[in-house]
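Here's a quick briefing on salt bridges and strand pairing. Have a look at the structure first, then read on.

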Amino acid sequence: MLDKNREDEAWHKRRLQFLTWDRRPEDIESAEHRARQADLAARAGASFHPTAYVAADAAIFTTRLELGEQSWIAGHALVRGEAVFGAHCTVNPYAMISGNVSCGDGVRIASHVSLVGFNHGYDDPDVPIYRQKHETLGITIEDDVWIGANAVVVDGVTIGRGAVIAAGAVVSKDVPPMAIVGGVPARVLRYRGRGRRDETRAQLQALGERARGQFQDILRHNMVEGDYLSRENHGAARMSIRHLCDAIEIAAGFGELPEGLDVPATTARLQAIQDPETGLFPDPYQKPKPGVALRRDGLALYNVLAVGYALEVLGARPLHPVSAVELAGPELCQWLESLTWRERAWGAGADVDTIGTALYFNARYFSSATSRETLFGWLALKQDRASGLWGSPTAEQGLLQPVNGFYRLTRGTYAQFGIAVPRPEAAIDSVLLNYRNYGGFSGPTYTACNLLDTIHPLLLCLGQTDHRRAEAENIARAIIARAGERWVDGEGFPFADGQIPGLQGTEMWLSVVHLAAKLLGDDNAFCFVPKGVHRTQAVGLGL
């Protein structure tokens, strides 16, 4: 066993020369590595962030070297002269960095790249080149730059933030921010984001026109005996008042009403659903559960959103205040504390969504005491400082529950009332990590909920910060690009891959596409604008 462990450790050390991203905390903290850094500090003018790493076979012959947080230099790379690297920079095997080179944060340098931050003098033809003085203008590489394999960057060049240097390019002139350059000599091929913008707008316009031309037929397709149903559950029709609300919201998103809708009769029907005592909206198609309070009925809670917003779309309002949420501070806190934050944070967030929305209706149409202040105070105290979320990840689903709960919770509170979300950068990190952990979602996980619960939080938080905006924009483009493929002519969108299209899927996916377009600043290219549950305009506190 001892020999096997030694062999494994020797293999790991050999791997680290070439696959340096496999470094472990114990590799960084090892006596061997710290001794190597100390020697470089003494001999090569080097200074290191505690998390920086230099592989054993890296050739470092500098007069000054700075290596920032989580940055590393692989084995067989050559670094000489003066080199400064910010945080999260990587120098791959066989890269060569010479002269005066300064890198910002997040710079990726591929194998066999040459950064030549000095030059031989050669102007005087009467003096052999080897006798002429060297010149050093230096190379400056700004944040978030990727330099592809075998690229060459010569002295005097500045590479702007967010640029990409294609493999094999020879860069002899400054590179603008966000440019993608390639060739010999390198030239701008396109700009990140811009090259696909026209394509994205065309996709939005094409999908919008198809949906606008077909939505009335889709509504009729989902009507049986004068009422709406949902076919999302693999073809099994399920009646719920939500689907009348879905039909109203789909039509309203295109600036219309469902064909033949009797507005006064529909308004009266929706208002009659509300329970006068609690103000909640029990679903008329579902039998009440004996002994279960309406506050524990998921549909009665969700219908505060579905029915309440549908009434607003029709120019009406609920008849009664939602007294179920107008509680004394201790009672409201007890309700919030009792929710499923540990095992099912999505459900807990859904309850908060209902509470916030009920308080919105109360404040707008009736009166509201101090429940809103209690709610936001409780949320401020309970947010996880590290993740920016509420609730706990689970062993089975990881961050999925708290991320999805974040959407529901913030939709009905921070987004609805126009209040800044605390710790938006941490929340963005968590949402992107969840998206990555699920491989961008695919197959059965490519659902309206999972993508809505990704894009809405990103849009909301990016209203306060530009943190990782480029990654969020890539997700938005991917959603838009795939949406046209998923639309079924005459039927709309399925809620999830493998299901039959229906009203719920159609309304949610159209809203997801709108949110993605809004994140990109291209929402004017898409003719559907949510007017109800998924609307984005905040109402503010001055109700």
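Predicted model: local features only at pLDDT ≥ 70, side-chain atom pairs only at ≥ 80, totals over all residues.

Searching the whole structure turns up 28 salt bridges, and a few of them are picked out below.

**A partly exposed pair**

- D22 and R15 join their side chains in a salt bridge, with an N to O distance of 2.3 Å.
- D22 sits at 26% relative accessibility, so it goes down as partly exposed, because buried would need a value under 20%.
- R15 comes out at 31% relative accessibility and is partly exposed as well.

- R535 and E312 form a salt bridge through their side chains, at 3.0 Å from N to O.
- That pair connects distant parts of the chain: E312 belongs to helix 7 (residues 298-313), while R535 is in the segment after helix 15 (503-520), and the two are 223 residues apart.
- Both R535 and E312 are buried.
- R411 and D353 also meet in a side-chain salt bridge, this one at 2.8 Å, N to O.
- Since R411 is in helix 11 (residues 400-417) and D353 in helix 9 (residues 345-365), this contact ties together parts lying 58 residues apart in sequence.
- R411 has a relative accessible area of 5%, so it counts as buried.
- D353 is buried too, with its relative accessible area at 0%.

**A network**

- Which residues are linked in a network of salt bridges? E9, R24, E26 and D27 are.

- As a reminder, strands of a sheet pair through backbone hydrogen bonds, in either a parallel or an antiparallel way.
- Strand 4 (residues 72-73) and strand 6 (residues 90-91) go for the parallel sense, pairing over 2 bridges.
- If you want to find that pairing on screen, look for I73, whose bridge partner in strand 6 is V91.

Technical notes. Residues numbered from 1 in each chain as written. Heavy atoms only, no water. Salt bridge = Lys/Arg side-chain N within 4 Å of Asp/Glu carboxyl O. Buried < 20%, exposed > 50% of the residue type's maximum accessible area, 1.4 Å probe, protein only. Helix = DSSP H or I, 4+ residues; strand = E, 2+ residues; numbered from the N terminus. Pairing = 2+ DSSP bridges.
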